[in-house]
Structures are given as C-alpha cells and as structure tokens.
Amino acid sequence: MTRHLALLSTSLLCPLPAQAEQTRWDTFNGTLSASKFADVASFTPETVPRLERAWEVRTGDVADGSGELPETVWSATPIYANGTLYLGTPFYRIIALDPATGEEKWRYDSQSTLEALTQPALKNRGVAYWESGATGPCEKRVYLGTMDATLHAVDADTGKPCADFGVNGVLNVNQWNETNAVFPFSLLQPPTIVGDRILIGWSGMDWEYTVEPPGNLMAVDARTGELLWDTGFIPAELIPRTGTANIWSSMSADPELGLVYVPVSSPSPNYWGGNRLEGIPLATSTTAVDIETGAVAWSFQHIRHDIWDYDTPSAPTLVDIRRGDEVIPALVQTTKQGFIFVLDRRTGEPLFPIEDRPVPPSDAEGEGTAATQPFVTVPPPTVPVEDLPGVWGLSDALSLGECSKDRETYRYEGLFTPPSVEGTFLWPGTAGANNWGGAAVDPRSGILYVNSSRVVQVLRLIPREDYESEVHNATDGNIEGGNEAGFHAQEGSPYGIELYEWTNSLGLPCWEPPFGTFSAYDLASGERLYEVPFGLTQRWGFYGMRAWGSPTLGGPVVTAGGVVFIGASMDDRVRALDAATGEELWSDIVAAPSVAIPAVFTHEGVDYVVFTAGGNSILKPQVADQVVAYRLGSP
Amino acid sequence: MLQFSALLPALAGVGLAGYAWITEGTGVTGTAGALLALIGALAALLGLAALAMAHPTGGRRRLVVFATFVAAVLTAVAAWFLMQDALTIVMALVVLTILVVAARPPLRTAAP
C-alpha cells in the first residue's frame, strides 16, 4: 500500500514537463550529482517498446587476450557535450561521434603503452569534459587518462592536443607518485571536473603488495595541469607500512556547498591488516573534501579495518530528501557489502539509525579485527546480508552433495567474518553487491533505483611458506585474475590468498538464486518499494531461468518519463524497465555485456539512449567494442 | 515422397541453428551451446534422411528412430535454453515428424 502511495505521489506531485530535455550528459554519472536522472519525457512505459537502433559503431579497440594484447575491459559512459558524443577506449584513444548518425568526427590516439601494468586487462571508463565559457581553441576540452599514468587534454572540436596543458597536452601524473611507488597511478576512471579544477584519483594493485602508494586526491588546473592541492587518506605514520585507500571510482560534487564526495577504497593489502592495526579512519569511507583547499570537511567510514576488499565502489548519489517541511541535502552511498548509507551531505551525519554490531574475531597471524562494524537496516540492504544464501538444491544434487560439504567446511559467522586459513565465505563477493554503477535517483520523488549482485566467494589465506608451492601446483588456471579471483601474493604480509567463486565441480553456483536483482527504495521512509530478479545468467550460450536473475556490473539511468535504462547483466542485453514496478518493457541484444552507465540526452530535439557494450571477465569471458544508440521509432 | 517432405522441418532446424551460431546479434553467437544445437539439428536431419532414403528395418530402424528422436528432443530443449524460439518450434515439429514416421510401416523395396 505504502509502495503504491509513494509511486502515486510521484505522478501526482511531479507532473512531467511538457518539453523536458537533457541538454548535457557530461560526466561518468551524467551529472556531478551522480543522480543518473535524465530529464527526458519522451521515453515512457508506453513509448519505449518503439525504441529502435539509430546507429551502431565499432571502435576497433578490443582484444580478447588470445593474441599479443591483454584482454580489454570497457565500461565507458558516453559523454554528451558540445553537440558531440565523446568516448574513451581501452586502447586509450578518444573518439568523437555525431550523436545523430554515429559518424566519426575525429579520433585522438594517446599512444599509451598497451600493457596491463596494474590491472589484468586494458581498462577504460571513458573521458571527462570541461569548457571555459570562452571561445577559441582548447576552450572546450576532453580529457583521457591512461594506465601508464598520463592525462591527455585535447580540443573538443578538433581532437588536437592542448599544448598549454602539462607538456604539449600530456600531464605526467606519475610525477606525484613519490612514496612506495611499486606501480604507476593508473588513470582508468575519468577524472571529475568541478569548475576549473580536475579532481584525480587512480587505480593500483591493492591485492599484490603490503606497502603501496598511499591513496590521495589531487586537484589540478584544468587549463595548465598545475597541481593545486593533494589530499592523502592514510596517516603519515602508517605510510611506511601500508598503502592505497585510493579513489579508483567516480566522484560526485555539490558546487554550492563547495564539496566533492569521494569513495575511498580499502588499504593494502586487501585481505590482511596486521600492518595497520591502528586503524585508518578515511579508508573504506565516503569523504567530503573542500574543492578549493583540499581540506577534509567530513568523512564517514563504512567499514573499520577493512580486510574484505569492500572498497567504496561508486560516486555517492546526491539528492534532496523531504522530511515533513524540511528538505535535507543528502547523499546515498551504495556499497559492496550491500548497505545503503544515507547521509546528510553537509555534515556526514546518518539520516537513518546505524547499529554497531559485534563481529567475529580473526585467528590469522598478527591480525586484529575491529570489535564492531556499522550495520544499516533502514533502508534494507540491497542483498540479504543477515545470513549466507542457502545451498542451492539443484547444484548440490548434481554434484552429489559437494555444496553442502563446502558449507560445513568453510568459515562463516555472518557478515564481516574474517579471512582464514581454512577458507571463509566472502558474502557478498569482492565484486560487491553493488559496484561502480552505483544507484540512480529520481530527484522529484526521492525514489532510488539500484541493481545488485548476489555472488558468494571463498577466500583462503595461504601461509607465506606454502604460497609459492600452492601457486605452482595450481592446475585450475586461475593464477592470474585481477582482484576478483585467483591467487595473489600480498607480498610483505604473512599470507598470500586464493579467491574463487563458490561453485561445484560442474561450475554451477552452490548458493541459491536469485543471482541478481533490481530494487527501488523510497528515500524519505527508507522503505524498499520492490525487488525483482534482473537479467539472465548465461553459460556456454544457455540462459538461466528468469527467476534466477543475473549478477550485474554497470548502473541504471532513470528518466523523467518513468523508465529505467540499464545494461549490466550477463546476457548481453540492454533493457528498459518500468520504474514503477521494475517490469521489463523492452530489450535488445548487444555484442557483450554493457557494463557501463548509459547516456541519455536530447540532441537536436530528439531523445537518445546510448549504450557501450564492452564486456567484463568478472561476468563472463566476452568482450566487444560496440556503441549502440537508440531513439523512438514512429508510432 | 512423404518421407522426403518429412526432412523439411529438420532442414529448417539446421538452417536456424546455423544462423544462431554464426550470425551476430542472436545472443548465442559462437557459443558452445549454439554449436551443440547445430550438431543436434544435423543429427536429426541425418537420422530422418536415413529413414527416408536407406529404409532400415527391424532393430536397425528402431535404433535410428530412437537416436533421431533423442537428438531432436535434446536440440529442442537446448534451443529453449538458448532462447531461440523459432528453432524450438521447428525442432518440436521435427520431434512430431519423427513420431509420425516411426508410426508408419517401413517402406520396402518391391521384389523384382
């Protein structure tokens, strides 16, 4: 009943504007608020079945890892600005397209090395856009980061380098990588630009070493690349012993408050913290940083002493929440552990009660877990974290009880069960209940939309003296696998690790479905309005049942017309959902999972939704280089 | 003549399975599942062709009918899980065709 009232109030109180249009979609999350709300009215539940392909482009920048090049992973949001669609590619090129036809306007090649320096794949999440307001060359710019730590600035009209930025248009960001520099500052996520400041985070390899570069946020001048300030997230006295707490994901900002909101990741190494027992207050947090000075305004830590790699994975979504007569500037942080933190974005104070609950201790050498961790019950978590999902009867039967045996073998004492030598269930898995796609919110109604994954992994600490031999003897081929699976050394700690999905020997998940869902929440009350299985699993081409859903990567966009656009699922489909119910209204097959956030915008009076289909091996081993634009066909 | 017309759904099955495996945008392009469906459809076609042209009798006939039936049923099930609706329908038709063929007495070559 409440659900229907909430949805009814949306339609009654927020009539659709007659001529709504989205004139820009110029950040990774569409706008700096990361609301992923597109003010277009033509896409409605009634019209989207008429969506048709306007054009399709193949960038050519793709590799499946079978040749000389590493595999590509592409999660770029297309940027719509300056009447043009801009894309970054995993070969570190910028492509400018005509939004109406897909015709290429220009292409810029960074000439970056195509080596997987810090990641198991060549990764890119797109480009950033800036304009000064003046006219002339390089008064509008597109910025592209590379894995080898350079930031390129090119003229948005021509693709020519902007010579006044860095050295001939290239800024060496690694010049500021001065401490524990065991890897370069990989710029895989496009920077966030607020005013004339480019805010830069970076990616590394926090699964590989104990002592690594300490995470920081850098602000550089958009015109020159001059470093304006640099804010670190690890206390100085701990830097000789640890590292990361970096920002590998996107950020949001409130220019009126003068704050940028940064999702800070966990410290290194990922799964053992005996080197950092003092605690790192800014790690695994949402932290508000003053855009002018770089000073930390406030910080909210989601996990104390993170030893689960539960990095804060996405830009917090900014929205004003109405409570009675009061309008509260809020932010919503979805997390890998499945909690939705709703905070006052002026102060970081929680807007719903958060419980501190005792969590299990560790028996690992030198480890010391936090006694309690914050638990959020309102809004309810995006996945049921109160207990491990049950053993899936089908998978258990087909494997003659293999899954049940596992359930009794590995350690699980609730969320935040520490890693162990005997093996610990990691639930949700390290790729998270929610990841870089984050959530979308309709600012008119305060309803939040989010896709979630339900994946259980097994994490095993391997004593240092056994690690090399175990890796050597491994026959399952998962010695390498990035931070989501495989063996990792955690050099400098007493343990290496092995991480893998909890499957039976046939490769079927041992935990019961659904494997992925789509949900809506009323942020005023904290109530979940609905939760439905989302997407389809796929293996060897065969699809799972609809009720099983699919793990997802990538995020949703909600439109003024009451439609949610989302790719994200394993099954190579992009979809339009009814925002009121989560029901699928339309879908199309693309070349690989669309693990990005779509762009929704109005160009020359026509509304478009554009998806990139790049794939990601976390979902399945399928990659592509496809960009597909849709618009409404004739009634 | 009737036996040869019975090959048409199986031929269509091979065509649709091949299309699903080769053509981009089917959702199963190049997958092992689509290849399996193609092999299954081919097996059903060959089985029906054997029944139509070689006219096996007795135990051999029963074996060919059974193998063809299993291939067609499994291909139809595979097509269902591959979300290839047209192929599912066609392979269901092939199954029905096999049942009809199996119910008819085998053709015998006239004595000289």
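I take a salt bridge to be a side-chain nitrogen of Lys or Arg within 4 Å of a carboxyl oxygen of Asp or Glu. With that rule I looked up the network that links Arg53(A), Glu56(A), Arg58(A), Asp588(A), Asp625(A) and Glu24(B).

Conventions. I am reading a predicted model, in which local features need pLDDT of at least 70 and side-chain atom pairs count only at pLDDT 80 or more, whereas totals for chains, interfaces and linings use all residues. Residues are numbered from 1 along each chain as its sequence is written, chains are lettered from A and ligands numbered from 1 in the order in which they are written, and side-chain values use heavy atoms, with hydrogens and water left out.

Entry 1, the interface. I looked up the contact (heavy atoms within 4.5 Å) and noted 14 residues from chain B and 12 residues from chain A. The two chains bury about 970 Å² between them, with 65% of it on carbon and sulfur atoms; buried area here is the accessible area (1.4 Å probe) lost by two parts on being put together, summed over both. On the side of chain B, Gly27(B), Phe81(B) and Met83(B) supply 51% of the area buried against chain A, more than any other three residues.

I found a count of one salt bridge between chain B and chain A, and in it the side chains of Glu24(B) and Arg58(A) meet at 2.2 Å, N to O. The rule also finds five residue pairs in polar contact across this interface, both residues at pLDDT 80 or more; a polar contact is a pair of N or O atoms within 3.5 Å, where within protein one must be able to donate a hydrogen and the other to accept it, and residues adjacent in sequence count only if both atoms are side-chain atoms. Helix H3 (32-53) and helix H4 (58-81) of chain B are the elements that give two or more residues to the side touching chain A, and H3(B) gives the most, with four residues. I take helices (H or I, at least four residues) and strands (E, at least two) as DSSP runs, numbered from the N terminus.

Which side chain does Arg24(A) meet in a salt bridge? The partner of Arg24(A) is Asp26(A), at 2.6 Å, N to O. For accessibility I use buried for under 20% relative accessible area, exposed for over 50% and partly exposed in between (1.4 Å probe, protein chains only). Arg24(A) counts as partly exposed because its relative accessibility is 31%, and Asp26(A) counts as buried at 16%.

I then looked up Glu292(A) and Arg197(A), whose side chains meet in a salt bridge at 3.5 Å, N to O. This pair links distant parts of the chain, 95 residues apart, with Glu292(A) in the loop between strand E19 (285-290) and strand E20 (296-301) and Arg197(A) in strand E14 (residues 197-200) of chain A. Glu292(A) counts as exposed at 54% relative accessibility, whereas Arg197(A) is buried at 17%.

Asp311(A) forms a salt bridge with Lys336(A), the closest N and O atoms being 4.0 Å apart. Both Asp311(A) and Lys336(A) are buried.

I define a nonpolar core as a set of buried Ala, Val, Leu, Ile, Met, Phe, Trp, Tyr and Cys residues joined through side-chain atoms within 4.5 Å. The largest has 45 residues, of which Trp298(A), Phe339(A), Phe416(A), Phe425(A) and Trp502(A) touch the most other members. A second, separate core of 43 residues includes Val48(A), Trp74(A), Ile95(A) and Ala629(A).
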